[in-house]
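Here is a short report on one protein model.

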Amino acid sequence: MSGGEVAGILVAVFWAILVSFLALALVRLAQTLKAATRLVAEVTDQAVPLLSETSATVREANTQLARVDSIASDVQEVTSNASALSSTVSTAFGGPLVKVAAFGYGVRRAIGRKGRAEDEPAPARNVVIGKTLPSARWGGRRNRGSKG
């Protein structure tokens with residue numbers, strides 16, 4: 001055998017090994033593509049029902065939100081009505097009640113002064129270093145029933 005024949009055989013063997021590796025790689029690539037196709041088909045089969053269920057859930061949520069919106073507007077209307085009623089009652093009864101209370105206070109004060117004699121001085125007040133304290137009849141500690 002000559003050197004050219006040996007080189008031809010080596011090139012042929014090299015090409016045979018290279019083709020074998022390429023064939024093996026293509027077979028594995030084909031298996032991977034088949035598995036990926038099968039996986040995509042399964043995901044598609046599961047995703048379509050999930051998307052339809054999601055659409056139904058979103059429609060139901062929109063219906064519930066519309067109901068909540070109407071309830072919130074009703075609550076707002078009730079709140080404004082209660083506020084208007086409160087201000088109406090305050091306006092209608094507030095002024096006269098203040099006047100009645102002031103009149104009652106004036107009557108009590110007048111009766112309290114009438115009960116005291118003209119020459120009798122006002123109740124004594126205790127003076128403590130520049131401060132005036134009310135007399136004991138206003139509810140000091142000794143008049144509250146304590147032992148002190």
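The text below goes from the whole chain to single side chains.

**Model and confidence.** This is a predicted model, in which local features need pLDDT of at least 70, side-chain atom pairs count only at pLDDT 80 or more, and totals for chains, interfaces and linings use all residues. Residues are numbered from 1 along each chain as its sequence is written, and side-chain values use heavy atoms, with hydrogens and water left out. The mean pLDDT (the predictor's confidence in each residue, from 0 to 100) is 83. Of the residues, 78% reach 70 or more.

**Fold.** Helices (H or I, at least four residues) and strands (E, at least two) are DSSP runs, numbered from the N terminus.

**Surface.** How much of the protein is buried? Of its 148 residues, 1% count as buried. Buried means under 20% relative accessible area, exposed over 50%, and partly exposed in between (1.4 Å probe, protein chains only). The protein exposes about 13,300 Å². Carbon and sulfur atoms supply 66% of that area.

Over residues 6–29 the chain is 100% helix and 0% strand. The end C-alpha atoms of residues 6–29 are 34 Å apart. Isoleucine 9 sits in helix α1. Isoleucine 9 counts as partly exposed because its relative accessibility is 44%.

The structure holds one aromatic pair (ring centres within 6.5 Å; planes under 30 degrees apart are stacked, over 60 edge-to-face, the rest tilted). Phenylalanine 14 and tryptophan 15 form this edge-to-face pair, at 6.3 Å centre to centre and 70° between the planes. Phenylalanine 14 is exposed, at 51% relative accessible area. Tryptophan 15 is partly exposed, at 48%.

Note on methods: Accessible areas come from the Shrake-Rupley method with a 1.4 Å probe; for residues, only the protein chains shown count as cover. Rings of Phe, Tyr and Trp (its six-membered ring) pair if their centres lie within 6.5 Å; planes under 30 degrees apart count as stacked, over 60 as edge-to-face and the rest as tilted.
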